[in-house]
Amino acid sequence: MSHFAEISGSNNIVTRVIVAEQGFINSGAVGTGSKWIQTSYNTYGGVHYGDVSGSYAPDSGSQLRKNYAGIGYTYNTGSDAFIAPQPE
């Protein structure tokens, strides 16, 4: 299972995040598959984290899209990254 973020609008704002198989996303059961971008729960700040010697720390895993997506984040297609909302 993987995490997927649904993006909406011309600004590519994340509206929801779900756990699913790629086949489920491709099936159209949750809308157009191209509106769903895979995200990694273990990625933050461009670094992959995991269980290293009993603690959560950077590991040798591959980061995916700079950050784990959250509702309100923006997906930047140019840098292939989820960007957290900035305070006003």
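This is a predicted model: local features need pLDDT of at least 70, side-chain atom pairs count only at pLDDT 80 or more; totals for chains, interfaces and linings use all residues.
Two strands count as paired here if DSSP finds at least two bridges between them. Strands are DSSP E runs of at least two residues and helices are H or I runs of at least four, numbered from the N terminus.

**Ground rules.** Residues are numbered from 1 along each chain as its sequence is written, and side-chain values use heavy atoms, with hydrogens and water left out.

I checked D51 and found its bridge partner in β6 to be Y56. Strand β5 (residues 47-52) runs antiparallel to β6, and four bridges join them.

**Sheet.** I then traced the open three-stranded sheet, which has the order β4-β5-β6 and antiparallel pairing. Its edge strands, β4 (43-44) and β6 (55-58), each pair on one side only.

**Whole chain.** I counted one helix and eight strands, in the pattern β-β-α-β-β-β-β-β-β along the sequence. The C-alpha trace spans about 40 × 35 × 20 Å along its principal axes.

**Contacts.** With a contact meaning heavy atoms within 4.5 Å, I got 39% of the contacts with a separation of 6 or more coming from residues 24 or more positions apart.

**Surface.** Of the 88 residues, 28% are buried (under 20% relative accessible area, 1.4 Å probe, protein chains only). The chain exposes about 5,400 Å² (Shrake-Rupley, 1.4 Å probe), and carbon and sulfur atoms supply 50% of that area.

How values were computed
Buried means under 20% relative accessible area, exposed over 50%, partly exposed in between (1.4 Å probe, protein chains only).
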